[in-house]
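Q: Hi, I have a chain open here and I'd like to walk through it. Can we take it in short steps?

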Amino acid sequence: MSSPMNSVAKSPLKPTMTSAADPQLIREIPTLSTDRLILRPSRLDDFAGMCALWADPDVVRHISGTPSTPDVTWARLLRRAGHWQMLGWGGWAVELRASGEFIGEVGFGDYQRDITPALGLRPEAGWLLLPQHHGLGLATEAVLAALAWADAHFDQPTVCLIDPPNHASVRLAKRVGYVDTVETEFRGEPCLIMERPCQ
């Protein structure tokens, strides 16, 4: 796997109050490369692919259980750009290097979740791919690239929230260094919080 490109300055992970004119709010989103994948900034032309991704019952089974409507997916696309704009870190669209095909998403978020124990300043990692790309090691490849970037830029551990029956994601999380911390509930459903220290 090649090293991340176009890195940005290490983030303290603390939101600050700044004006819209503050040049520090303009963030250069890095592009990361692996043997088979490109992790790149989300674009408006990803919207159709995102709609297909988030409307797929197999994809959302362990996330919300409910396929997303286009308006909800549109808000996700804007939120992805907003993370980089406001926090200086966020997520990426995942595309196949060979074809340029959009196949999913990976990255980090701060969703201000009302959950006990609180996540605090720890960025929340997440990943999802279209089902036809499952079982090929692509999710692991994407997550490792994102974590390599995180290790170079975060001063805090990262966490991930996983539905306990989502055995594939639990295995992936453990493979890349996450460990179980606590089983809790989020929105009335069981949830496993896993944590990975900075490397």
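Q: Let's start with Cys51. Which helix is Cys51 found in?
A: Cys51 sits in helix α1. Keep in mind that this is a predicted model.

Q: Is Cys51 buried or exposed?
A: Cys51 is buried. Its relative accessible area is 18%, and buried means under 20%.

Q: What is Cys51 in contact with, leaving aside its neighbours within four places in sequence?
A: Pro70 and Thr73. Thr73 is 22 residues away from Cys51 in sequence. In space, the two are 6.1 Å apart, C-alpha to C-alpha.

Q: Which other residues of α1 are buried?
A: Helix α1 covers residues 47–55. Along with Cys51, its buried residues are Met50, Leu53 and Trp54. Looking down the axis of α1, they fall within an arc of 165 degrees, so they line one face of the helix.

Q: What do they pack against?
A: The buried residues of α1 pack against α2 (57–60), α3, β4 (102–109) and β5.

Q: Let me zoom out. How many helices and strands are there in the chain?
A: Five helices and eight strands. Along the sequence, the pattern reads β-β-α-α-α-β-β-β-α-β-α-β-β.

Q: And how much of the chain counts as buried?
A: 45% of the 199 residues. The accessible surface comes to about 10300 Å². Carbon and sulfur atoms account for 55% of that surface.

Q: What about contacts between residues at least 6 apart in sequence?
A: Of those contacts, 66% join residues at least 24 apart.

Q: Now the inside. Which residues touch the most other members of the largest nonpolar core?
A: Leu39, Trp92, Val106, Phe108 and Trp127 do. That core has 33 residues. Helix α4 (residues 138–153) gives the largest share, eight residues.

Q: Which residues are in the second core?
A: The second core is separate and has ten residues. Leu53, Val59, Val60 and Leu128 are among them. Leu53 is also one of the buried residues of α1.

Q: Why would nonpolar side chains gather like that?
A: In soluble globular proteins, nonpolar side chains tend to be buried together.

Q: Which nonpolar residues form a patch on the surface, then?
A: Leu44, Trp74 and Leu78 form a nonpolar patch there. Together they have about 320 Å² of accessible area.

Q: Where does Trp74 lie?
A: Trp74 is part of helix α3, which runs over residues 70–87. At 36% relative accessibility, it counts as partly exposed.

Q: Switching to charges. How many salt bridges does a search of the whole structure find?
A: Nine. One of them joins Arg40 and Glu95. Their closest N and O atoms are 2.6 Å apart. Arg40 is in strand β2 (residues 37–40) and Glu95 is in strand β3 (residues 91–96). That puts the pair 55 residues apart.

Q: Are Arg40 and Glu95 buried or exposed?
A: Both are buried.

Q: What does Arg80 pair with?
A: Arg80 forms a salt bridge with Glu105, with 2.5 Å between the closest N and O atoms. Arg80 is in helix α3 and Glu105 is in strand β4, so the bridge ties together parts that are 25 residues apart in sequence. These two are buried as well.

Q: And what about Arg113 and Glu124?
A: Their side chains meet in a salt bridge at 2.7 Å, N to O. Arg113 is in the loop between β4 and β5, and Glu124 is in strand β5. Arg113 is partly exposed at 28% relative accessible area, whereas Glu124 is buried at 7%.

Q: Which residues are joined into one network by shared partners?
A: Arg40, Asp46 and Glu95.

Q: Last topic, helix α5. Which of its residues are buried?
A: Helix α5 spans residues 167–175. Ser169, Val170, Leu172 and Ala173 are buried there. Seen down the axis, they fall within an arc of 160 degrees, so they line one face of α5.

Q: What do they pack against, and what does the face turned away carry?
A: They pack against β5 (124–129), α4, β6 (158–162) and β8 (189–196). The face turned away from the buried side carries the exposed residues His167 and Arg175.

Q: What comes just after α5?
A: Gly177 does, with a positive phi of about 110 degrees.

Terms used
Residues are numbered from 1 along each chain as its sequence is written. This is a predicted model: local features need pLDDT of at least 70, side-chain atom pairs count only at pLDDT 80 or more; totals for chains, interfaces and linings use all residues. Side-chain values use heavy atoms; hydrogens and water are left out. Patches are made of residues with over 30% relative accessible area and no salt bridge: like charges are joined within 9 Å, nonpolar side chains (Val, Leu, Ile, Met, Phe, Trp, Tyr) within 5 Å. Accessible areas come from the Shrake-Rupley method with a 1.4 Å probe; for residues, only the protein chains shown count as cover. A salt bridge is a side-chain nitrogen of Lys or Arg within 4 Å of a carboxyl oxygen of Asp or Glu. Helices (H or I, at least four residues) and strands (E, at least two) are DSSP runs, numbered from the N terminus. Buried means under 20% relative accessible area, exposed over 50%, partly exposed in between (1.4 Å probe, protein chains only). A nonpolar core is a set of buried Ala, Val, Leu, Ile, Met, Phe, Trp, Tyr and Cys residues joined through side-chain atoms within 4.5 Å. Contact means heavy atoms within 4.5 Å. The arc is that of the directions from the helix axis to the C-beta atoms.
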